[in-house]
Amino acid sequence: MKRYGLGGISAATAALILAFTGSARATQPLDAFLERAKTQSFEAREATATERQRSSEADVALGKLTPSFSARGVYTRNQYEAAVQLPGTATKIVITPLNQLDAFLQLDVPIVDLASYHRYKAASALAASATEQKGATTIDVSRSVARSYYQFLGADALVRSARESIKAAQANLKNVDDRRAAGAATDLDHERAAASVARAEQELADAELGSALAGRALETLSGLSPDAAEGFPEDDLHAEGTLANWLSLAATTPGQRVAQKLGEAADQNRKAASRALLPTLSGSAQERITNATGFNGRNNAYTLQLILAWRLDYGTIAGSDAQSAALEVQRVRVERTRRAAEDAAFEAFRRVEAGVVKRRAASAQEKAATRAAELSTERYQAGVATQLDVTQAQREAFLAAAAKIQADADLAFARASLRLASGVPVSDKRPR
């Protein structure tokens, strides 16, 4: 990774900027990208499809608890016809015709099936978790979109700063050439000034590359192409309230609700596995229509059945133990998810606190470095400073500007991360 000389600040790092807490004045507001990403991002579309899938799977599980109807037609070609003639009559009774036709209409009704019932409850909990997962996915996508959005704005700001740096370097080169023509500057001064211009041009190329890549990433994430940016407002450096309030909000995020629903599904699967050791009761009604009437001489007849079934094997017992262990695993995951959400809010809150301090210091540094660059130019023109002093001061002024941009980036992204980790809309700027 290429780094800027004295300060060790890379172009990629300097480009990672956030637009403080406001929206850009020229490009679309952040909310526009977030709203588009809710429906157009790959993750959001996948979450929507998964929700439909889980809902359909719950319906499949419900279907096992509802009556089912089946119809079946059978044609049978028998080798011999079986028929009898009653004594003293001319009536011939066909028991089995050569061409036999049968139609079966059957209704099956589950009456007691506790295992299937709990499987349905587990599938319903998974469907609910998929719905909550959409909210969690929205937060994750929003975090990526916000990062790319602020990177784009910051990269554009760095481009403008690099262009101003080129102008300053070119003005310094012209000043040196004028002084050299008058015999007041050396060839060494000229080469140093020329090198400063070349270095500024490299920095501009890096900044323009960062802007192009950030814009492309933002479009990929949100499906919306950003317009050109023209700067961003200043952060007012306000505090974010109390940490305890943010932590309490983090405990109710969609990610936490997803884990809870998965816990419910694991509990229902455990119950389904244990209920599989119990017998099931079902009913069946069948209507048969046939031309093989037999001795009763009727073409249709029905049968009614009650079926009590019980299956017991070692696999069923082992399955119950496995589901009990799976429930314990999910309970641990619920606790871990809650702690992770609180840790994310805790980190973001502390980064806001540190970011406010760093932002003030970076602003003071930028002002001092800019003033130092002006003084070095004035002193060089008066003949009491060297060209090395001028180029060094200009370089430090650019690095100070990049450092201020980075401080703005860290602070603004910390504010956005704090809200996302706590389930609060990024557009809601109120402290908690």
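Two remarks on conventions come first. Residues are numbered from 1 along each chain as its sequence is written, and side-chain values use heavy atoms, with hydrogens and water left out. Because the model is predicted, local features need pLDDT of at least 70 and side-chain atom pairs count only at pLDDT 80 or more, whereas totals for chains, interfaces and linings use all residues.

I begin with the helices. By helix I mean a DSSP run of H or I with at least four residues, numbered from the N terminus; strands would be runs of E with at least two. Axes are lines fitted to C-alpha atoms, for helices over the stretch in contact, and angles run from 0 to 180 degrees between N-to-C directions. Angles under 35 degrees count as roughly parallel, over 145 as roughly antiparallel, 65 to 115 as roughly perpendicular, and the rest as oblique.

The crossing is left-handed, which is the term used when the near helix is turned anticlockwise from the far one by less than a right angle; clockwise gives right-handed.

The crossing of helix 4 and helix 9 is right-handed. Its contact residues divide into 15 nonpolar, seven polar and two charged.

Helix 2 (residues 30-40) and helix 3 (residues 42-63) have axes 6 Å apart and an angle of about 45°, which makes helix 2 oblique to helix 3. Contact, meaning heavy atoms within 4.5 Å, is made by Ala37, Lys38, Thr39 and Gln40 of helix 2 with Phe42, Ala44 and Arg45 of helix 3. Those residues are three nonpolar, two polar and two charged.

I turn to the largest nonpolar core. A nonpolar core is a set of buried Ala, Val, Leu, Ile, Met, Phe, Trp, Tyr and Cys residues joined through side-chain atoms within 4.5 Å. Buried means under 20% relative accessible area, exposed over 50%, and partly exposed in between, with a 1.4 Å probe and protein chains only.

Which of the 20 residues in this core touch the most other members? They are Leu30, Phe33, Val145, Tyr149, Tyr150, Leu153 and Val426. Leaving aside residues up to four places away in sequence, Val145 touches Leu30, Phe33, Leu34, Ala37, Leu218 and Leu221.

Leu237 lies in the loop between helix 5 and helix 6 (243-250). Its phi is near 60°, a positive value in a residue other than glycine, and Leu237 is buried at 18% relative accessible area. Asp343 belongs to helix 8 (residues 314-381) and is partly exposed at 38%. Its C-alpha atom is separated by 8.9 Å from that of Ala250, 93 residues apart along the chain. Ser363 is also in helix 8, and is buried at 15% relative accessibility.

Terms used
Nonpolar A, V, L, I, M, F, W, Y, C, P; charged D, E, K, R; others polar.
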